[in-house]
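Hello,

Here is the structure I promised to pass on. Please open it and follow along with the notes below.

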Amino acid sequence: MQKTFVRYTLVIITIAVSFILFINFLFTMRTFETQQYNTFYTKIEQVIHTLENNQAELDIIKQNLDEDYLIRAKAAAYSLAQLEEMDVEEMEYLANLFNVDEVHFIDEKGFIRYSSVSQYVGINMDDHPQTREFLQILESDDKDAYIIQKLQPNAAENKIMKYVGVAAKGQKGVVQVGFEPTRQIEAQSRNTYEYIFSKFPTDIGEEIFVVNRTTGEILGHSGGMDREFNQACYKLEELKGCTEGTYKEGENGKMMYVVSKEYEDVLICAILQKDILFQKIWKNVYYSLWYLLFVEAAVILLLNYLIKQKVVNGIHAIIENLSAITNGNLDTTVTVGGNKELETLSAGINAMVKSIVNSSNRISEIIELSGIPLAAFEYEKGIQHVFVTSGLKELLNIPDNKARGLYRNSVLFHQYICDITKTPIEGETDIYQIHDSQYIRIHMVESVRGYMGVVIDVTKDIMDKQKMQYENTHDQLTGLYKFRYFTQLAAELLQHMQKGKLCAAVMLDLDDFKAINDTFGHDTGDLYLQKFAEIMQSMPSDHFLTARRSGDEFCMMVFDCGSKLEIEDCLDYFYQVLGKISLVLSDTKSITIKASGGFAWTADAKDNISDLLKHADEALYTMKKDRKGFYLEYKKEE
């Protein structure tokens, strides 16, 4: 009987709850639409109010600045009338005196005769619309004629300036002052739709935009202008009828709730996805549903108090604790009483979780005993907790507080590992750089259940490998490329040379190096070689590839040049720098490093680098034979 009573009671209450929810849905939908309309109307009014306030501020600033600028221009005109001779320094003094950026005097022919900006002297004011406007003062008979020009790029440098011109005193001409109107530009920037929308808060899925009432062009949008506005909710003819709020089709066919208002020559509009609006409605219905279900549940609970109290509630508590454990909270302890069976079940679950934690700890202890810089991790799909061995955070260079968060969230941990493994170091597939002095190898395996991985510190191996690679390719004394590696790189540059470009092989030999070595010793000779190498390394890397061949012989590749003249310019620059460097040989003697060179150039990417180097060597031999201290181009004998 109890079950039958409960069954019928449940049916009746369920029907009543459904009817109440339906009425509540209709009422809530109307209420939320009205609230959304009022919200949009208020925000549109705020946008209008901001526009009007910014415009008023801009007008006041412009008026005050125009009056101030005109006073300074007239004061400059009176000061210039007192001067017999004017030069750039005098004009700069006047500019500083009147706190302006530029001062110019324009003669009766319309040319700038004197200026605080030297490069402006001689400009013909009739050559550009921006400067031509001030010629009206020369044509006027009014001694107090003036022009205050609006903000615009100037003719000389295309720089945003504001110029004020007045009739000169005592002679025919125009005195012009220029300003960089920071305040006015800043005020104008605050009165743009882009600026206002950037400071104007919008909710999720909400958009505010402005449409020209004549052309239908979108003038500003709270989400930026880098998109197409082809949907009905952005069309002028559709928006005109949305003053009371209505629905229009938006992107991907989604319906949008739209409210618009006319202001001057634009429509200010606000829209919100219908889905989001209805999410609010459904959320309200959802809360109502839970409230009603709570009432329904209370009635049922009164009929089944003993069963719920002694059995069902205990089972639910165990399920909740199991859910927490499944999500990775292994510190959770199941403590459910009420009867002997539930207590036994709780104790069994706690023992199982403790065994899992102890297994992870034992693995960490075994790895630590091995002395190998290694750590492991494992996590299953759908489970939050990540099982890791000790030392993982040190190998991955993770701070303690961040490590705790990652270990409790397998999704974040997986993303963290994926971010690291996106960029292996060059030449390797599973080795990654953690910071400047640490490298690790990560090996991760995916299974149906989840992921397992091993992290090993390979810093010493990588550093040894990099050191070996450097020693194999670079000269130990000078730090330049070795000749063999240089020829490999030079051949690649030649092979990939673009059409229309030239390159040249250059052979160099230090002049009188043997005498320096014999006179001042090998240490000084080594310093001589190192100083010459420093000069070679200081050359621009986008045109020079440098190397030491052997002894006092060096070589270069001059590449990516547009002509032979450009190659010679590069070599001339090298010799200019070389000629400026002085090397102290002893307490009483210092010399300038000198070297002889020969070069051979080509425009054909199919040429052989060995041939070029050979020809450059021949040119070097000829230079050393005839004279020293400069370079010579290889000339093929007829």
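**A hairpin and its neighbours**

Strands β7 and β8 form a hairpin, with five residues between them. In the turn, Gly216 has a positive phi of about 80°. Keep in mind that this is a predicted model.

Look for Val210, which sits opposite Gly220 in β8. β7 also has strand β11 (residues 266–273) as an antiparallel partner, joined by seven bridges. There, Ile208 faces Ala270 in β11.

Is β7 mostly covered or mostly open? It is mostly covered: seven of its seven residues (206–212) are buried. In a regular strand, side chains alternate between the two faces of the sheet. In β7, Glu206, Ile208, Val210 and Asn212 point one way. Glu207, Phe209 and Val211 point the other way.

**A buried lysine**

Next, find Lys248 in strand β9 (residues 246–249). Its relative accessible area is 18%, so Lys248 counts as buried, because the cut-off is under 20%. The side chain of Lys248 makes a polar contact with the side chain of Glu238, at 2.9 Å. Beyond its close sequence neighbours, Lys248 also touches others, including Cys233, Cys242 and Met256.

**A six-stranded sheet**

Further along, six strands make an open sheet with mixed pairing, in the order β17-β19-β20-β18-β23-β24. β17 (481–482) and β24 (631–633) are at the edges with a single partner strand each, so one side of each has no neighbour in the sheet. Inside the order, β18 (residues 502–510) and β20 (residues 553–561) pair antiparallel over seven bridges. Ala504 stands opposite Val558 in β20.

Best wishes

Note on methods. Residues numbered from 1 in each chain as written. Predicted model: local features only at pLDDT ≥ 70, side-chain atom pairs only at ≥ 80, totals over all residues. Heavy atoms only, no water. Pairing = 2+ DSSP bridges. Helix = DSSP H or I, 4+ residues; strand = E, 2+ residues; numbered from the N terminus. Buried < 20%, exposed > 50% of the residue type's maximum accessible area, 1.4 Å probe, protein only. Contact = heavy atoms within 4.5 Å. Polar contact = N/O pair within 3.5 Å; in protein donor to acceptor, adjacent residues only side chain to side chain. Lists of a residue's contacts leave out its neighbours within four places in sequence.
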